[in-house]
Amino acid sequence: MRHFTSVRQLGNLQEAFAKAKYVKENPFADQALGKNRTLLMLFFNSSLRTRLSTQKAAMNLGMNVIVLDVNQGAWKLETERGVIMDGDKPEHLLEAIPVMGCYCDIIGVRSFARFENKEDDYNEKILNEFIQYSGRPVFSMEAATRHPLQTFADMITIEEYRKKDKPKVVMTWAPHPKALPQAVPNSFAEGMNLMDCEFVITHPHGYELDPAFTGNARIEYDQDKAFEGADFIYAKNWAAYAGENYGKVLSTDRSWTVDSRKMGLTDNAFFMHCLPVRRNMIVTDEVIESPQSIVIPEAANRVVSAQTVIKEILLSL
Ligand code: CP
């Protein structure tokens with residue numbers, strides 16, 4: 001594996017889970033692999049889990065780590081070609097990327113959808129420029145359309161907690177005051193299409209995701225019906241994808257908040273969320289604090305997913 005931008009690149013899923021299990025049980029077994037190698041973690045957007053878990057993963061592998069918050073302490077970067085740079089951005093991304101590549105062996109990039117230009121977002125303009133111009137292996141720490149390290153951690157968590165060969169996994173939209181990208185739900189849908197599960201997506205009308213990601217999922221507009229018999233509830237907000245409404249908040253209807261009544265419709269389902277989560281918008285205090293909530297082990301698996309992926313990239317160097 002040279003670049004990692006989608007869980008589709010994991011290859012054989014059972015082998016990927018076995019590699020993740022080995023990493024989880026033997027976190028320091030590959031310290032020599034990363035010796036004298038440097039990971040540059042580049043953030044265009046805020047992060048808690050990705051920042052800490054990816055750094056921890058790289059340190060477990062014996063790597064040196066440089067973390068750069070592009071918007072705090074670096075020159076402001078112009079991203080468009082052809083711009084007369086007489087404004088407040090003194091450096092162009094097309095110089096900055098190869099320069100950054102000179103200082104490291106692997107680059108992790110976080111660059112969210114901007115909701116300014118759907119085509120740029122869905123073509124992964126920024127992430128692909130890093131792949132094209134850095135001369136280094138690049139992995140996504142959440143890009144415009146996918147969050148593969150989160151999804152791989154989610155898949156590992158479902159594999160660990162499932163009680164059935166083919167569990168029912170329900171991804172439910174839930175309300176949020178701000179417009180959030182579709183990266184997590186797109187990526188989760190991509191992952192569930194790879195796993196052996198019954199996958200259902202429930203959301204209000206107008207929140208349909210790109211079918212390229214939802215694949216074989218059953219779309220159910222009645223949230224109660226979707227929850228019936230579920231083994232895993234994966235809650236997430238996303239802004240509208242389709243047409244003119246791209247990037248818009250169409251609803252903050254709190255009747256979609258995941259609460260104990262709805263969890264009571266499931267087959268004692270586990271509750272999952274990638275975090276950060278807005279309590280009593282996405283999920284009630286009661287549900288997220290319940291024994292069925294596995295959001296913390298899910299977050300802990302972020303180290304495992306990142307370490308498994310970085311290890312594969314190191315092996316390819
Ligand atoms: N789930 C996740 O990516 O969390 P952060 O945004 O805090 O990194």
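Tutor: We can go through the domains and then the ligand. Keep in mind that this is a predicted model.

Student: Fine. Which domains is the protein chain divided into?

Tutor: There is domain 1, made of 7-146 + 302-316, and domain 2, made of 150-299.

Student: How many residues does each domain put into the contact?

Tutor: The chain splits into domain 1 and domain 2. In the contact between them, domain 1 has 27 residues and domain 2 has 34 residues.

Student: And how far apart are the C-alpha centres?

Tutor: For domain 1 and domain 2, the C-alpha centres are 25 Å apart.

Student: OK, the ligand now. Which pocket does it take?

Tutor: The ligand takes up the space of the largest pocket.

Student: What surrounds the ligand?

Tutor: Ser47, Leu48, Arg49, Thr50, Arg110, His147, Gln150, Cys274, Leu275 and Arg302 surround the ligand. By type, the shell has 3 nonpolar, 4 polar and 3 charged residues.

Student: Which domains does that shell draw from?

Tutor: Domain 1 and domain 2 each supply at least three residues of the shell around the ligand.

Student: Which side chains have an N or O atom by a ligand oxygen?

Tutor: Thr50 is one of them, with a side-chain N or O atom 2.7 Å from an oxygen atom of the ligand. For Arg110, a side-chain N or O atom is 2.9 Å from a ligand oxygen atom.

Student: What about a nitrogen atom of the ligand?

Tutor: A ligand nitrogen atom lies 3.0 Å from a backbone N or O atom of Cys274.

Student: And how much of the ligand's accessible area does the protein cover?

Tutor: On its own the ligand has 260 Å² of accessible area, and the protein covers 93% of that.

Key:
Residues numbered from 1 in each chain as written. Predicted model: local features only at pLDDT ≥ 70, side-chain atom pairs only at ≥ 80, totals over all residues. Heavy atoms only, no water. Near = heavy atom within 4 Å. Polar contact = N/O pair within 3.5 Å; in protein donor to acceptor, adjacent residues only side chain to side chain. Areas by Shrake-Rupley, 256 points an atom, 1.4 Å probe, with all protein chains shown as cover. 1 Å grid on protein atoms, 1.4 Å probe; cavity = no way out; pocket = protein on both sides within 12 Å on 5 of 7 lines; lining within 4 Å. Sits in = over half its atoms within 2 Å of the grid points. Nonpolar A, V, L, I, M, F, W, Y, C, P; charged D, E, K, R; others polar. Domains from an automatic or database assignment. Contact = heavy atoms within 4.5 Å.
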